[in-house]
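Here's a quick tour for someone meeting this protein fold for the first time. Have a look at the model, then read on.

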Amino acid sequence: MSKRSPKPLPAPVPTPASASFHSPFGALGSLRAELPKGPPSAIERSETADDGVPESARPAPGLGKLVLQREKKGRGGKTVTRVRGLPPDELPRWAGDLKRALGCGATVEGDDVVLLGDLVGRAADWLTARGAKQVVRGN
């Protein structure tokens, strides 16, 4: 039994220097030169105040007593956390902020924000950091 020697690789085909492969990102290099240089635009500055702190990280004025309640009844065995006592005119904004901060689903039901999951502890800490005067943890 003799060992076979490996076949030699074929020689690379010469290509002209002007011929390059198609890259979907090739056009991005020309767009980079068009980006504005300097301070951020007025749109980005409107989201933060003069001290540079984003509006969502500021304490909310008028947050009084908030009640956090964990419940499962009528939800097919799934646990949710109900937040009561938030200002009724800003409930969608609070639901969005809680969703982003806690990494969960949230919705508005009546005058409450409902968070998907057992998040009483994390939500209480987050709301206290945002300026809630009193956070009561229910069952």
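At what angle do helix α3 and helix α4 pack, and how far apart are their axes? Keep in mind that this is a predicted model. In it, α3 (residues 91-102) and α4 (residues 120-129) pack at about 115°, and their axes sit 11 Å apart. The crossing of these two helices is right-handed.

So who's touching whom? From α3 come W94, D97, L98, A101 and L102, and they meet R122, A123, W126 and L127 of α4. Sorted by type, the residues of this contact are seven nonpolar and two charged, with no polar ones.

Now stay with α4 for a moment. Its buried residues are V120, A123, A124, W126 and L127. They all lie on the same side of α4, because they cover an arc of only 165° around the axis. As for partners, these buried residues pack against β1, β2, α3, β4 and β5 (134-137). Just past the end of α4, G131 has a positive phi of about 105°.

| Strand paired with β2 | Bridges | Direction |
|---|---|---|
| β1 (residues 65-71) | five bridges | antiparallel |
| β4 (residues 112-116) | five bridges | antiparallel |

Methods
Residues are numbered from 1 along each chain as its sequence is written. This is a predicted model: local features need pLDDT of at least 70, side-chain atom pairs count only at pLDDT 80 or more; totals for chains, interfaces and linings use all residues. Side-chain values use heavy atoms; hydrogens and water are left out. Axes are lines fitted to C-alpha atoms, for helices over the stretch in contact, and angles run from 0 to 180 degrees between N-to-C directions. Helices (H or I, at least four residues) and strands (E, at least two) are DSSP runs, numbered from the N terminus. A crossing is left-handed if the near helix is turned anticlockwise from the far one by less than a right angle, and right-handed if clockwise. Contact means heavy atoms within 4.5 Å. Ala, Val, Leu, Ile, Met, Phe, Trp, Tyr, Cys and Pro count as nonpolar, Asp, Glu, Lys and Arg as charged, and the others, Gly among them, as polar. Two strands pair if DSSP finds at least two bridges between them. Buried means under 20% relative accessible area, exposed over 50%, partly exposed in between (1.4 Å probe, protein chains only). The arc is that of the directions from the helix axis to the C-beta atoms.
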